[in-house]
Amino acid sequence: MGKVKVRVNGFGHIGCLVTRAAFNSGKVDTVTINDPFIDLNYMVYMFQYDSTHGKFHGTVKAENRKLIINGNPITIFQEQDPSKIKWGDVGTEYMVESTGLFTTMEKAGAHLQGRAKSVIISAPSADAPMLVMGVNHEKYDNSLRIISNASCTTSCLVPLAKVIHDNFGIMEGLMTTIHPITATQKTVHGSSGKLWHNGHRALQNIIPASTGTAKAMGKVIPELNGNLTGMAFHVPLPTCHLEKLNCHLEKSAKYDDIKKVMKQVPEGPLQGTLGYTEQQVVSSDFNSDTHSFTFDAGAGIALKDHFVKLISWYDNEFGYSNKVMDLMSQMTSKE
C-alpha cells in the first residue's frame, strides 16, 4: 500500500504539529493545506519555527504558490467554506479538521462534499464517534466517514483507566489534570465573562478549570460511565501535562502489582503508544514525546490495597498530534 494522502484544514498550532508528525512518521503524504487567514510565506515561517518544539529539522519554502517541505509540494487553499474545496481533485483521501470550528457531524460533513474520503476531527465532538488509541481504536470500520480523536486529556487518561480497569477493576475514581497554558487564557489581567478567575494572568497563576474528560470517558469506556469525574488546573507551562487518577479498585492489589502490569503494557501490542518509567522525571522530559501517556511508577502511591493514586505524563501538543497519525494508520489498515 502506498502512502496515504492527507489534507489539513486549519494551519494553527495543532495543524502545524499534525503536519510535522506526518513528515516524521513517513507513513502519509500531506498533499493539501487550507487556511483562509494565513499567507503562504507565513506558513513557511510558522512551520519552520516553534518556541516549544524547536526548529523543524528539514527544508521548508514557498514556491509556485505551494508549500514545499523536504522537497514535497503541498497545494494551498484559502477557503472559509470547506464544501467549496475539491479535495478529491488533488488526491486527498483523509482530512484532518484542526480549526476547532467544524467539530460536529454536520459541520465536518462539509469536507465530504469536496470528496474527502474520511474526516478526523482533532478535538472532542458532540456527536461524532470518538476513537482513542489504545482503548477503542480497533472499533473503527470504513463505514465511519467522520470520527473524533477526542481531546488531549482524554488521550492520556482513558488508556490509563482502561489498563487499570481491565486488570483490577475501577469502582469509582477522581481525576485531576495539571494542564499547561491554553490559547484561551490571558497573557495580561483582563475581564473574562462568567469564569472570573480566567481573567488572571496565565503566567502568574494556577487556575482551576473544568474538563470534559469524564464525559468522554463514559463514551469510550461505557462501563465506567458515571463512575469517574474530575477537574483541571491550568499552570504556567508551555506544554506537557500531568494526569492524576485516584481510584477505588475492585480487586485487591499492591502498588507493585500495578507497576508490574503497567510495565508489561508497553512491551505488548501497544508498544509506542503507552510508556513506562521509573526515573525521577519532570514535565519538560516529555517535550515532543509521542506516547499517549507515560506511567510514572515512582510518583504514584497507594493508601490501601484498594485505593491508589496513579500518575502519568503526556505532551498534550505533539503527543496528541502523533495520535492523529496513529489513528489514521489504523483507519487505512481497515481499508
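**Figure 1. Contacts across the sequence in the predicted chain.** In this predicted model, 69% of the contacts between residues at least 6 apart in sequence join residues at least 24 apart. The chain comprises 8 helices and 16 strands. Of its 335 residues, 52% count as buried. The radius of gyration is 20 Å, which agrees with the value near 20 Å for a compact globule of 335 residues. Along the principal axes, the C-alpha atoms fill a box of roughly 65 × 50 × 35 Å.

**Figure 2. Surface and charge of the chain.** The accessible surface comes to about 15700 Å², and carbon and sulfur atoms account for 51% of this area. There are 32 positive and 31 negative side chains, and the centres of the two sets lie 3 Å apart.

**Figure 3. The aromatic pair Phe-23 and Phe-47.** The chain has 7 aromatic pairs. In one of them, the ring centres of Phe-23 and Phe-47 are 6.5 Å apart with planes at 65°, an angle over 60 degrees, so the pair is edge-to-face. Because Phe-23 belongs to helix α1 (residues 13–25) and Phe-47 to helix α2 (residues 40–48), the pair ties together parts that are 24 residues apart in sequence. Phe-47 is buried, with a relative accessible area of 0%. One aromatic cluster is formed by Phe-11, Phe-23, Phe-47 and Phe-56.

Figure 4. Tyr-42 counts as partly exposed, at 44% relative accessibility.

Definitions and conventions
Residues numbered from 1 in each chain as written. Predicted model: local features only at pLDDT ≥ 70, side-chain atom pairs only at ≥ 80, totals over all residues. Heavy atoms only, no water. Helix = DSSP H or I, 4+ residues; strand = E, 2+ residues; numbered from the N terminus. Rg over C-alpha atoms; globule rule 2.2 N^0.38 Å. Buried < 20%, exposed > 50% of the residue type's maximum accessible area, 1.4 Å probe, protein only. Contact = heavy atoms within 4.5 Å. Areas by Shrake-Rupley, 256 points an atom, 1.4 Å probe, with all protein chains shown as cover. Lys, Arg positive; Asp, Glu negative; His and termini not counted. Charge placed at Lys NZ, Arg CZ, Asp CG, Glu CD. Phe/Tyr/Trp six-rings, centres within 6.5 Å; stacked < 30°, edge-to-face > 60°.
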